[in-house]
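Keep the structure open while reading.

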Amino acid sequence: MALLGMYILVTLACAYVRTSVKTWTLATAIVLIASIVLTDSSFWAGFFILLLFALPALFLNIKSIRQQYFTQHFLTFFRKALPQLSETERVALEAGTVHWDAELFSGKPNFKRLHNMKKPELSTEEKAFLDGPVQTLCEMIDEHEYNHVKGDMPKKVWEFIANEKFFAMIIPKEYGGLGFSALAHSYVLQKVASRSAVAGATIAVPNSLGPAELLLHYGTDEQRNHYLPRLAAGKEIPCFGLTAPSAGSDATSIPDKGVVCKKKIDGKEVLGISLTFDKRYITLSPVATVVGLAFQMTDPDKILGDREHLGITLALVPSDTPGMDIGRRHLPLDVLFMNGPVRGKDVFVAMNAIIGGEKMIGHGWRMLSEVLAVGRAISLPSSSTGGAKMVAYATGAYARIRKQFNLPIGRFEGIEEALCRIAGKTYSCAAVSSMTAAAVDRGERPSVPSAIAKMHTTDMARDIIADAMDIHGGKGIIMGPNNYLGRAWMGAPIWITVEGANILTRSLIIFGQGAIRCHPYVLKEMEAANLADEEESLKTFDHLLFKHMGYTFQNAVRSFFMGLGSWRLEPGPGDKFTKQFYSRITRYSAAFGFAADVAMLTLGGSLKKRESTSARLGDVLSHLYMASAVLKRYRDQGEQSADQPLVAWALHHHFYEIEQALKILSYNFPNKAVGFMLRRTIFPLGTHELPPGDRLGHKVASLMLSPNETRDRLCDGIDKQVSENNLVAKMNQVLAKVIDTEPLERRILKAEKSGEIDAIEPTEQLNQALERDIINKSEFNTLTKVRAQVAEVIAVDDFPHDAFDRTQAYTTREEAKIA
Ligand SMILES: Cc1cc2nc3c(=O)[nH]c(=O)nc-3n(C[C@H](O)[C@H](O)[C@H](O)COP(=O)(O)OP(=O)(O)OC[C@H]3O[C@@H](n4cnc5c(N)ncnc54)[C@H](O)[C@@H]3O)c2cc1C
């Protein structure tokens, strides 16, 4: 029994420290032989244990044996069980690169890779752009006027945006663009979005999935030289039309057609495409001069070759081409950026309109997937982060300024809870946004991180604005120039829906793509199984399979012992404050690696249809990624001790969500016995993580309620310049004065309670306080002024009785064509 115990112990220890099979063999052999020799074990006990060791040792170490008796048969089974990837899935898988996301799959992330990622920094030129044109644009913004009065930005704002090359941040300088880094692009969007969703969306689109990005990657020289300088100079306004009434999330099912044909133009026969399409929800289309279009290309007369169906193809179509029906507008939740349908019937374009020329016919979906991996990393994560920072900056100030029951509302525990959710999630949004933008700057196409960033920053931004609305009460509800929140609340579902709707992204993309893309072995095993050379295929597959089995076993053992508490002993980076967090990431990475393998092994191809399982595994990967981003941001910002409550809140939140996702996954696992085994392995002592606690929450909320460096760092990069339309900046100016006058207010309150002041009306109260020497004349003047400013901050708008008769402004129901 002692020998068996020793054998198991050495095996578990080797798995825990992740040794190779050879090291395990050697270590076990030495320990067993030494035990047999040094103890008085019987011959048969020694013989039995050596046999028990030799069988797996031979099997694992002698490749020819295991290949012949195991791998060969398993390979046949694997090939049959291999999920058939559709063309769309294959393209999506190949579209991206992997980096930190793959480390999180490893079960033991190498934090040096996280730390070695260059600290994101802006160039002098980029900083000057943010302080110059971006600041000027922010000062021009009047969101109420765009949305409620005019339904559009004024001409001078459009011209400013175009002339200052806001549409050309990603276009290289050689074509006249700004050639900015992804980080600068992200910061510009954050700052603009912190002031206006309309201006933010207008700028985001041409720099994201628009024609410029497609032309840069795939355009012919002729197309680049024609379009890029014109787009950079703002002479062309682009849009991109993919979505059709019948094809939203399932974008590869677009029915729009492009038929290869010839047409006589000025007496000459021109080879081209006749396009018939119906696109909806297309951002910037009502003002676009050039439309990027995705369509199914067919060649029924076999003019180009012997294939009739050529696949999804992309073309650039000038909006004044005969047959184009463009210009009408949708009304996206009262956030009136330009958005509308684009239709066309028998629109003829020459073959040189195809992006990338004839060689790119049929490659449209791959082109879009590759571009999406980059664009999605920047546009919505940045806009959501800008919005979140604005909301955090505004709500902290409002909660200190606004009083009820003679106390700032931010001092009530209920409000504190909501305030710290706002602060913690804003920290995470900013961290994820800059880490993902930095990946793009390193030349990566982060398909899995960009899906995580898009889904979670928009989701957290929606939570943040919901909490802020609750804290603001009626002030957030009554629309008008004095409302800086309501529009962000209304717009939140837009960002959830676009660029991959969130439910779909969570259920299908994050883990669905991540499992194969980032897993250390699965994609390689699939490739090995498909090798044409049978001998090579068996050899490579065998090598990968046994490494994979070792990885799964090691993750199981590590999960179990770390579940018992050994994660605290994990060697890792970090100081007294951060070490525990790095170790927790290691713990959950092992648990995630094990759970992912169990799911793939037991569910195989059907995992694709088990969306809830896939979504929960995706949640674990996402929260691991976000927790890493939080630690990276804290490190990049110089590990400021004052920021620790925020960092700790965000991390405890992510770890709690990871445990919940794993727990719910195990309870709902399709096979109950497997779910039970999973739960007992990962949580042998049950789950322990709690949501961030009240004491920590109190510290976080306090940081939000007064001007300080932590709050400034949290809300960095947004427009804090006091100007006529920047109510949030004005309110923060008042915040400092409110805090200065709080001792005076307390004196007055004390006098009121003692009966020295009996007036109820605020002005009379102040007069009494002055008359009865409770405050002096100078204090009276200060308080009068500050109280007036507070009244301005908490004011809401009212309008003439007939102000909302919009019959002149909007088309009637009868006139609105169904888009
Ligand atoms: C304001 C706005 C601007 C836009 N701008 C553009 C643009 O410029 N160009 C462009 O081409 N498109 C644009 N879109 C379209 C946008 O990309 C689509 O709205 C989006 O892809 C979702 O499609 P849908 O609205 O038809 O929803 P649907 O596809 O009908 O989805 C409805 C719901 O079902 C969920 N769902 C769908 N399939 C699955 C699944 N397999 N598993 C789980 N859940 C699923 C979705 O997540 C969603 O919650 C825009 C949309 C809006 C609203």
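A charge sits over a ring if NZ of Lys or CZ of Arg is within 6 Å of the ring centre and within 35 degrees of the ring normal. The model is predicted.

**Charges over rings**

Arg66 meets that definition. Its charged end sits over the ring of Phe546, 4.2 Å from the ring centre. Lys720 gives another case: Lys720 lies over the face of Tyr393, at 5.1 Å from the ring centre.

Phe546 also takes part in a ring cluster. Ring pairs link Phe546 with Phe59, Phe70, Phe74, Phe77, Phe78 and Phe541.

**Aromatic pairs**

How many aromatic pairs does a search of the whole structure find? The search returns 31. One of them joins Tyr16 and Phe561 in an edge-to-face arrangement, 6.2 Å centre to centre, with 85° between the planes. This pair links distant parts of the chain. Tyr16 belongs to helix α1 (residues 2–16), Phe561 to helix α22 (residues 534–563), and 545 residues separate them. Tyr16 is buried, because its relative accessible area is 16% and the cut-off for buried is under 20%. Phe561 counts as partly exposed at 29% relative accessibility.

Phe43 and Phe47 make a stacked pair, 6.2 Å centre to centre, with 15° between the planes. What separates Phe43 and Phe47 in helix α3? They are 4 residues apart in helix α3 (residues 43–61), so about one helical turn lies between them. Phe43 is exposed, with 60% relative accessible area. Phe47 counts as partly exposed at 42%.

**A backbone contact at Tyr16**

Tyr16 has a contact through its backbone too. Its backbone oxygen lies 2.7 Å from a polar atom of the side chain of Arg558. Arg558 lies in helix α22, the helix that also holds Phe561. Is Arg558 buried or exposed? At 1% relative accessibility, Arg558 counts as buried.

**The ligand site**

The ligand is surrounded by 20 residues. The closest are Leu242, Thr243, Ser249, Tyr281 and Glu611.

| Residue | Ligand atom | Distance |
|---|---|---|
| Thr243, polar side-chain atom | nitrogen | 2.7 Å |
| Ser249, side-chain N or O atom | oxygen | 2.6 Å |
| Glu611, polar side-chain atom | nitrogen | 2.8 Å |

On its own, the ligand has 970 Å² of accessible area, and the protein covers 68% of that.

Which elements each supply at least two residues of the shell? They are strands β1 (238–241) and β3 (268–283), and helices α19 (486–497) and α20 (502–518). By residue class, the shell divides into 11 nonpolar, 7 polar and 2 charged residues.

**Positive phi in loops**

Two residues other than glycine are worth checking for backbone geometry. Arg18 has a positive phi, near 60°. Arg18 is found in the loop between α1 and α2 (21–38). With a relative accessible area of 27%, Arg18 is partly exposed.

Glu639 also has a positive phi, near 45°. The loop between α24 (611–636) and α25 (644–667) holds Glu639. At 33% relative accessibility, Glu639 counts as partly exposed.

**Separations along the chain and in space**

Two C-alpha distances complete the report. Lys672 is placed in helix α26 (residues 672–682). Lys672 counts as exposed, because its relative accessibility is 65% and the cut-off for exposed is over 50%. Its C-alpha atom is separated by 33 Å from that of Gly693, which is 21 residues away along the chain.

Ala45 is found in helix α3, the helix that also holds Phe43 and Phe47. At 31% relative accessibility, Ala45 counts as partly exposed. Where does Asn406 stand relative to Ala45? The two are 361 residues apart in sequence and 80 Å apart in space, C-alpha to C-alpha.

Technical notes: Residues are numbered from 1 along each chain as its sequence is written. This is a predicted model: local features need pLDDT of at least 70, side-chain atom pairs count only at pLDDT 80 or more; totals for chains, interfaces and linings use all residues. Side-chain values use heavy atoms; hydrogens and water are left out. A residue is near a molecule or strand if one of its heavy atoms lies within 4 Å of it. A polar contact is a pair of N or O atoms within 3.5 Å; within protein, one must be able to donate a hydrogen and the other to accept it, and residues adjacent in sequence count only if both atoms are side-chain atoms. Accessible areas come from the Shrake-Rupley method with a 1.4 Å probe; for residues, only the protein chains shown count as cover. Ala, Val, Leu, Ile, Met, Phe, Trp, Tyr, Cys and Pro count as nonpolar, Asp, Glu, Lys and Arg as charged, and the others, Gly among them, as polar. Rings of Phe, Tyr and Trp (its six-membered ring) pair if their centres lie within 6.5 Å; planes under 30 degrees apart count as stacked, over 60 as edge-to-face and the rest as tilted. Buried means under 20% relative accessible area, exposed over 50%, partly exposed in between (1.4 Å probe, protein chains only).
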